[in-house]
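Student: Could you take me through this structure step by step, giving the cut-offs behind each term as we go?

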Amino acid sequence: MSAQDSSRKMAETPIRVFTEGDELYEAMLDAIHGARRTIKFESYIFADDEVGRRFIGALVERARTGVQVLVYIDAVGSLFSGKTVEQVLREGGVKVRWFRRWSWRDPARYNRRNHRKLLVVDGHIGFFGGFNVHRENSRGVFGEQRWRDTQLQVGGKLARTLQRLFDAFWRGRMLPHPALELPGGHLFVTNHSRGGRRYLHRLYRRKFAEAKRSIHLTTPYFVPDRRTRRALRQAAQRGVEVKLLVPHRIDEPIERVVQWAAHAMYASLLEAGVQIHEYLPRMLHAKTLVIDGEWCSVGTANLDYRSFFLNYELTLTSTDAALVQRLEADFQQDLTQSVRIQPRRWANRRWWMRTLESLGWSIRHWL
């Protein structure tokens with residue numbers, strides 16, 4: 001096969017969607033084992049557990065063969081495991097970098113985190129989405145209560161763009177524009193760019209305003225600002241089917257406070273006709289959006305203040321029919337395992353719940 005034919009084949013590689021951690025981790029590890037030149041890896045959480053140690057072993061093995069292995073770990077997300085992970089990786093020849101450790105000289109910058117999760121191997125195969133590297137996503141390790149998430153595997157120009165995004169972040173170079181347009185109706189949105197901090201926020205509001213039939217949104221953390229809430233209410237009021245899918249089960253204490261903040265705004269959305277569904281089986285961590293069955297987004301960003309205005313995030317939007325249909329099918333399947341919140345019953349919730357909601361709402365910008 002000629003180089004031109006090989007390039008064309010990579011460009012035509014279909015996007016693969018993962019919703020099960022074990023399948024995703026096997027595909028990522030296979031890609032790592034096959035690396036010949038470079039491995040570039042970012043993760044918010046890189047745990048020192050059964051899953052994390054498999055990745056550590058694979059990364060070190062490749063580094064010892066001469067492959068350039070770069071790993072970028074967030075200092076908050078990996079606070080309790082990162083030191084061990086860093087030590088073993090460095091001893092194995094991996095170049096490890098922490099994103100914004102605590103500094104008394106500039107404490108404010110500690111609040112803005114790297115929430116991205118991506119892997120690029122040889123610039124030919126890439127992965128990104130909501131999955132961290134930890135046991136909670138593995139059915140084989142964590143059991144039936146493993147987290148429900150979404151991740152994409154890409155090739156061709158999408159993978160090369162992921163590598164460009166990693167390289168810019170690693171070197172601390174801001175990209176000139178937050179939207180990187182690619183063939184096939186794809187658009188990478190990064191807020192590691194000039195003027196990019198509010199780009200995704202404005203894009204979502206515009207898409208909500210343009211929606212004609214349906215808005216199907218999945219997010220684990222739903223604490224939108226006033227303008228986003230208004231856009232969703234207005235869409236529902238003009239007859240658009242607005243369905244929001246959020247987790248019923250919350251595992252971590254801080255995430256429970258986020259849920260209280262979300263509950264504080266349910267009433268106004270329900271009154272406008274927005275349907276809110278809670279996913280029952282396990283923790284829901286996917287971040288996807290499908291509008292009118294024609295446009296979709298998937299990535300690392302939640303629908304909250306932190307993802308819109310603080311954290312570094314990475315989102316792919318697309319009009320690719322196969323990807324849109326797959327994400328819509330996943331949404332509909334998740335709905336069958338969810339319960340819809342009824343406006344009248346919600347209005348009669350107990351006083352102590354309202355008190356907790358007020359508490360969560362008062363600190364929403366810090367969650």
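Tutor: We begin with a definition: buried means under 20% relative accessible area, exposed means over 50%, and partly exposed lies in between, with a 1.4 Å probe and the protein chains only. This is a predicted model, in which local features need pLDDT of at least 70 and side-chain atom pairs count only at pLDDT 80 or more, while totals for chains, interfaces and linings use all residues. Residues are numbered from 1 along each chain as its sequence is written, and side-chain values use heavy atoms, with hydrogens and water left out.

Student: Is Val 120 buried or exposed?

Tutor: Val 120 sits in strand 5, residues 118-121, where strands (E, at least two residues) and helices (H or I, at least four) are DSSP runs numbered from the N terminus. Leaving aside neighbours within four places in sequence, Val 120 is in contact (heavy atoms within 4.5 Å) with Thr 38, Ile 39, Lys 40, Ile 125, Gly 126, Ala 159, Leu 162 and Gln 163. With a relative accessible area of 0%, Val 120 is buried.

Student: How many residues apart in sequence are Val 120 and Lys 40?

Tutor: Lys 40 is among the contacts of Val 120. The C-alpha atoms of the two residues are 5.2 Å apart in space, while their separation in sequence is 80 residues.

Student: Within what arc do the buried residues of helix 4 fall?

Tutor: In helix 4, residues 82-91, the buried residues are Gly 82, Val 85, Glu 86 and Leu 89. Seen down the helix axis, with the arc taken from the directions from that axis to the C-beta atoms, these buried residues line one face of helix 4 because they fall within an arc of 100°.

Student: Which residues are exposed on the other side of helix 4, and what do its buried residues pack against?

Tutor: The buried residues of helix 4 pack against helix 3 (50-63), strand 3 (68-74) and strand 4 (95-99). After helix 4 comes Gly 93, whose phi is positive, near 95°. The exposed residues on the other side of helix 4 are Lys 83 and Glu 91.

Student: How many salt bridges does a search of the whole structure find?

Tutor: Side chains of opposite charge can pair when their charged atoms come close. A salt bridge here is a side-chain nitrogen of Lys or Arg within 4 Å of a carboxyl oxygen of Asp or Glu. One of them joins Asp 48 and Arg 53, with the closest N and O atoms 3.2 Å apart, and the search of the whole structure finds 17.

Student: Why are Arg 206 and Glu 210 separated by about one helical turn?

Tutor: Arg 206 and Glu 210 form a salt bridge whose closest N and O atoms are 3.9 Å apart. Arg 206 is partly exposed at 42%, and Glu 210 is partly exposed at 41%. They are separated by about one turn because, in helix 7 (residues 199-210), they are four residues apart.

Student: Which residues do salt bridges that share partners join into one network?

Tutor: Arg 146 and Glu 144 meet in a salt bridge of 3.4 Å, N to O. Arg 146 is buried at 6% relative accessibility, whereas Glu 144 is partly exposed at 48%. Through shared partners, salt bridges make one network of Glu 20, Arg 139, Glu 144 and Arg 146.

Student: How much space lies in the largest cavity?

Tutor: On a 1 Å grid over the protein atoms alone, a cavity is a set of points where a 1.4 Å probe fits but cannot get out, a pocket is an open set with protein on both sides within 12 Å along at least five of seven lines, and lining residues have an atom within 4 Å of a point. Grid points are joined across faces, edges and corners, and a volume is the space filled by probe spheres set on the points. The search finds six cavities of 30 Å³ or more, and the largest holds about 80 Å³.

Student: Which element gives the largest share of the lining of the largest cavity?

Tutor: The lining of the largest cavity includes Val 246, Pro 247, Gln 259 and His 263. Strand 12 (241-247) and helix 9 (253-263) are the elements that give two or more residues to this lining. The largest share, four residues, comes from helix 9.

Student: What is the volume of the second largest pocket?

Tutor: Among the residues lining this pocket are His 248, Gln 259, His 263, Arg 345 and Trp 346. Helix 9, strand 18 (338-340) and helix 13 (343-347) each supply at least two residues of that lining. The volume of the second largest pocket is about 370 Å³.
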